[in-house]
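Student: I have a chain to go through before setting up calculations. Could we take it question by question?

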Amino acid sequence: MNSNIDFAKIWPALLSKKKLFFKVWGITFILSCIWILPQPRYYTTEVSVAPESAEAKDMGNLASLASNFGVNIGNGSSDAIYPQLYPDLFESTKFLVGLLDIKVRTQDGEVETDYYTYMKDYQKQNILLWPFLPLKRWLSSVFSKPEEEIPGKDGKRFDPFELSWTTNGIIKKIQDNVQCTYSRTTDVVTIEVTDQDPLVCALLADSIKQHLQDFVTEYRTKKSRIDLEYYEKLTAEAKAMYDKSRLKYAAFSDASTNVSLRSVELKMQDMENDMQAKYNIYTAMSTRLEAAAAKVQENTPAFTELKNATVPIKPAGPKRMIFVAVMLFLATCGTIIHLYRKELKEWF
């Protein structure tokens, strides 16, 4: 390895090759513009929310104080989906499949459909790639299954357990377009959505925020909602039994108005006691029903919106000037390396 390299001689030598550099720069500039200018523009929208977590309820001010120093003292509750895991939730196929039915429309009003159809049929492509699109469609037809949609359970449109070739490709694109980040210091969840249309971008950001809230709420209240449905059933049965006993007692009482037999009095007393017992059961079930409804409300998390979705005015990319500048820099470096490859070999 020769560590002696005369940089003072390099500059004049490079100036002597300026015609070559001008040719390289010109060709690089033209090719870079040909590639980057037809690239579709894209827009970005952010939504920030501060979700309420079970950890915050249990740990209180201690967790809040610790988070100010970037310290996570742990999840002090049995809640399995807490804000720290929301970014991982956005990698879940089950969660992403729920986004495919979101209704979107473009800013020019020409397209109004669901997100799945929009991603499948209305994505702009670089015109330089158009000659390769037939080959892409052919490969897709070879490797994809005959059905384009695999219906899910409970009447759902897609089955996250088994996706078709087309749907799986769209899910991959959505994973690139939708990002979620969590700040440990502020407990703020930020959702960033990228799309080729500014209005679609804003609609998606707002809808995904609501989808996240519904998804977490469904999980957090699942046990409470099951209990609520159970007590609703028991309360309805108890009321039906009480009404039946009450009507039976009233009918027997009316029929025995002028009867003073001891057996009749005992039977009325038994029927009254039975009616009172059924009323007590009905009252107890009503109390538990109210408690179960309150529990559902208690377990429903609150999402405080800190930054709402807005339609972006300026595109976020592609950064055309930066791209061309980077290509010119790389072409310059490549030309220098080519000219002085022998010297570089000796130096290294």
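**Questions on the chain**

Student: Is D159 buried, partly exposed or exposed?
Tutor: Buried means under 20% relative accessible area, exposed over 50%, and partly exposed in between (1.4 Å probe, protein chains only). The relative accessibility of D159 is 17%, so D159 counts as buried.

Student: What kind of model is this, and how are residues numbered?
Tutor: This is a predicted model, in which local features need pLDDT of at least 70, side-chain atom pairs count only at pLDDT 80 or more, and totals for chains, interfaces and linings use all residues. Side-chain values use heavy atoms, with hydrogens and water left out, and residues are numbered from 1 along each chain as its sequence is written.

Student: Which residues does D159 touch, not counting those up to four places away in sequence?
Tutor: D159 sits in the loop between α8 (133-143) and α9 (165-177); helices (H or I, at least four residues) and strands (E, at least two) are DSSP runs numbered from the N terminus. A contact means heavy atoms within 4.5 Å. With residues up to four places away in sequence left out, D159 touches I150, P151 and G152.

Student: Which residue in the turn between β4 and β5 has a positive phi?
Tutor: β4 and β5 form a hairpin with 4 residues between them. The loop in question runs between β4 (178-183) and β5 (188-195). A phi near 60 degrees, positive in a residue other than glycine, belongs to D187.

Student: Is D187 buried, partly exposed or exposed?
Tutor: The relative accessibility of D187 is 29%. Because of that value, D187 counts as partly exposed.

Student: Over how many bridges does β5 pair with β1?
Tutor: Two strands pair if DSSP finds at least two bridges between them. β5 is mostly covered, with 7 of its 8 residues buried. With β4, β5 pairs in the antiparallel sense over 6 bridges, and T181 has T190 in β5 as its bridge partner. Strand β1 (residues 43-51) also pairs with β5 in the antiparallel sense, and the count there is 7 bridges.
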